[in-house]
Amino acid sequence: MQAMETIQKRLSVRAYADTPVSEAVQAKLRALFQEYERGPFGIPARFRLLDLSAVNRAELRRLGTYGVIKGARLYILAAVKEGKRAQEDLGYCLEKIILEATAMGLGTCWLGGTFRRGSFAGQMQLDKGELLPAITPVGYPADQTAFDDRQALCRAGLSRRKPWTELFFLIDGKKPLSEAEAGEYRAVLEAVRLAPSASNRQPWRLLKDQAGLFHLYLKEDRLYNRILGKIRIQNIDMGIAMCHFALAAKQLGLTGRWTPAAAPRGGGPGREYLATRTPDL
């Protein structure tokens, strides 16, 4: 997978074709569930590929149509035990799987608050203390031509994503980081800017210090982030952003890892420190 190219190609697909996903492709997806089960904070996530053709009619009615998805027969369900940074790790791992699926030519769509959680939780057979924060349909887009056209528009820069000046800062947390000041990480930060997030709120903030390290903060909308109870959709978004940073950096040969450390001075009001990107020694 070429991470930055795939990040630009990934779009939310809400209508799916009748074309079945082959058993060979399904096997590749299941293998990814094992490969990408832990995020940067080390908390394991659990995934299941649910085939709706194997679900009885009564249960199908309980699962519903989720309001926005049409024609999908396969879903990836993602569970994690409740705990600090668990939902960031789930977001990190599921986004890796979604990008790999994109590279295979499959469509996906992050669903956090727009599915019938209780019915899907029954299909996942949650263990004690587990949450089901997100799922995604997976399959082939119903209208491939329209999908390709949308991809072309995104590559042309027609995106509703926030500008650099609202996401990336110097270490004081006030002065925006310019693309020139980002240096060799310019493309990495652009990959972060393009990351999907709930309601396109992009809650991540990255601060670059004098040593060239990047410090990650959550700019939380507390009312919005807690509307689903224990499910913290913006914490999931943070994991997605961390994933984009890591994959883009790896492609460019910028080795490093996300390391929880003491929060540096600065950051600004209303920002929660999560981790620092440190170079491999």
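Which residues in α8 meet which residues in α10? Val188, Leu189, Ala191 and Val192 in α8 meet Ala241, His244, Phe245, Ala248 and Ala249 in α10. Contact means heavy atoms within 4.5 Å. By class, this contact has eight nonpolar, one polar and no charged residues. Ala, Val, Leu, Ile, Met, Phe, Trp, Tyr, Cys and Pro count as nonpolar, Asp, Glu, Lys and Arg as charged, and the others, Gly among them, as polar.

This is a predicted model, in which local features need pLDDT of at least 70 and side-chain atom pairs pLDDT 80 or more, while totals for chains, interfaces and linings use all residues. Residues are numbered from 1 along each chain as its sequence is written, and side-chain values use heavy atoms, with hydrogens and water left out. Helices (H or I, at least four residues) and strands (E, at least two) are DSSP runs, numbered from the N terminus.

**Two helix pairs**

Two packed helices are described by the angle between their axes and the distance between the axes. Axes are lines fitted to C-alpha atoms, for helices over the stretch in contact, and angles run from 0 to 180 degrees between N-to-C directions.

| Pair | Angle | Axis distance |
|---|---|---|
| α8 (186-193) and α10 (233-251) | about 150° | 8 Å |
| α4 and α10 | about 50° | 7 Å |

α4 is therefore oblique to α10. α8 and α10 are roughly antiparallel to each other. Angles under 35 degrees count as roughly parallel, over 145 as roughly antiparallel, 65 to 115 as roughly perpendicular and the rest as oblique.

α4 passes α10 in a right-handed crossing. Residues of α4 in this contact include Gln87, Tyr92 and Leu99, and those of α10 include Asn235, Met242 and Leu247. The contact of α4 with α10 divides into nine nonpolar, five polar and three charged residues.

A pocket is an open set of points on a 1 Å grid where a 1.4 Å probe fits, with protein on both sides within 12 Å along at least five of seven lines; lining residues have an atom within 4 Å of a point. Its lining has 17 residues, and the closest to the centre are Tyr92, Lys96, Ala246, Leu247 and Lys250. α4 (86-103), α10 and β8 (257-259) each give two or more residues to this lining. The largest share, four residues, comes from α10. By class, the lining has eight nonpolar, three polar and six charged residues.

Definitions and conventions
A crossing is left-handed if the near helix is turned anticlockwise from the far one by less than a right angle, and right-handed if clockwise.
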